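Hi there,

Here is the structure I promised to pass on. Have a look at it first, then read my notes below.

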Amino acid sequence: MKTPPLCRFSLSMAGDLVAQLDAMARTKGYANRSKAVADMVRAHLVDHHAQAGNRDIAGTITLVYDHHKRNIQALLTDIQHDHGNLIIAAMHVHLDPHHCMEVLAVRGRAQAVKQVADRLIAAKGVKHGKLTVTTTGKDFGN
Ligand code: NI
């Protein structure tokens, strides 16, 4: 993808805030303050797009459940088949003799992705579930 041109602009904020920003950027290994700020802006935009239901997002849904619980696997499979257009990959890990972890890669409109995540996480027998949202990569510059 072609790199969009850089835009230079100035900001004003409290000096101690800038000092803390620089300290954090150094700790995290950023080459400079601009890269650290750009990553913070992207993180906020990802959250913002996830709230705006009509934007395309990508993400993962992680589910942990006891596979001995009646019907849980059939139920989760049914829900996934209902949303085959959103779920692009699935990984199943047998955590211990009882527990399974499923990690589903998802991509689609934010509202639709959140709906399928809610259904899976609320399914009877799921002990913990979480949707992690990221960008499809099309929205932001480098
Ligand atoms: Ni398993």
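**What I found**

Arginine 119 counts as partly exposed, at 40% relative accessibility (buried means under 20% relative accessible area, exposed over 50%, and partly exposed in between, with a 1.4 Å probe and protein chains only). Before going on, a word on the source: this is a predicted model, where local features need pLDDT of at least 70, side-chain atom pairs count only at pLDDT 80 or more, and totals for chains, interfaces and linings use all residues. Residues are numbered from 1 along each chain as its sequence is written, and side-chain values use heavy atoms, with hydrogens and water left out.

Back to arginine 119: its side chain meets that of aspartate 82 in a salt bridge, at 3.6 Å from N to O (a salt bridge is a side-chain nitrogen of Lys or Arg within 4 Å of a carboxyl oxygen of Asp or Glu). This pair links distant parts of the chain, with aspartate 82 in helix α3 (residues 72-82) and arginine 119 in helix α4 (residues 110-122), 37 residues apart. Helices (H or I, at least four residues) and strands (E, at least two) are DSSP runs, numbered from the N terminus.

By that salt-bridge rule the count comes to 4. Another one joins arginine 33 and aspartate 22, whose closest N and O atoms are 2.8 Å apart. Here arginine 33 sits in helix α2 (residues 33-51) and aspartate 22 in helix α1 (residues 15-28), 11 residues apart. Arginine 33 is partly exposed at 43%, and aspartate 22 is partly exposed too, at 21%.

Then there's arginine 109 with aspartate 56, where the closest N and O atoms are 3.8 Å apart. Arginine 109 has 46% relative accessibility and aspartate 56 has 36%.

Now the whole protein. What order do the elements run in from the N terminus? They go α-α-β-α-β-β-α-β, which gives 4 helices and 4 strands. The C-alpha trace spans about 60 × 30 × 25 Å along its principal axes. Buried residues make up 27% of the 142 residues. Finally, of the contacts between residues at least 6 apart in sequence, 68% join residues at least 24 apart (contact means heavy atoms within 4.5 Å).

Cheers
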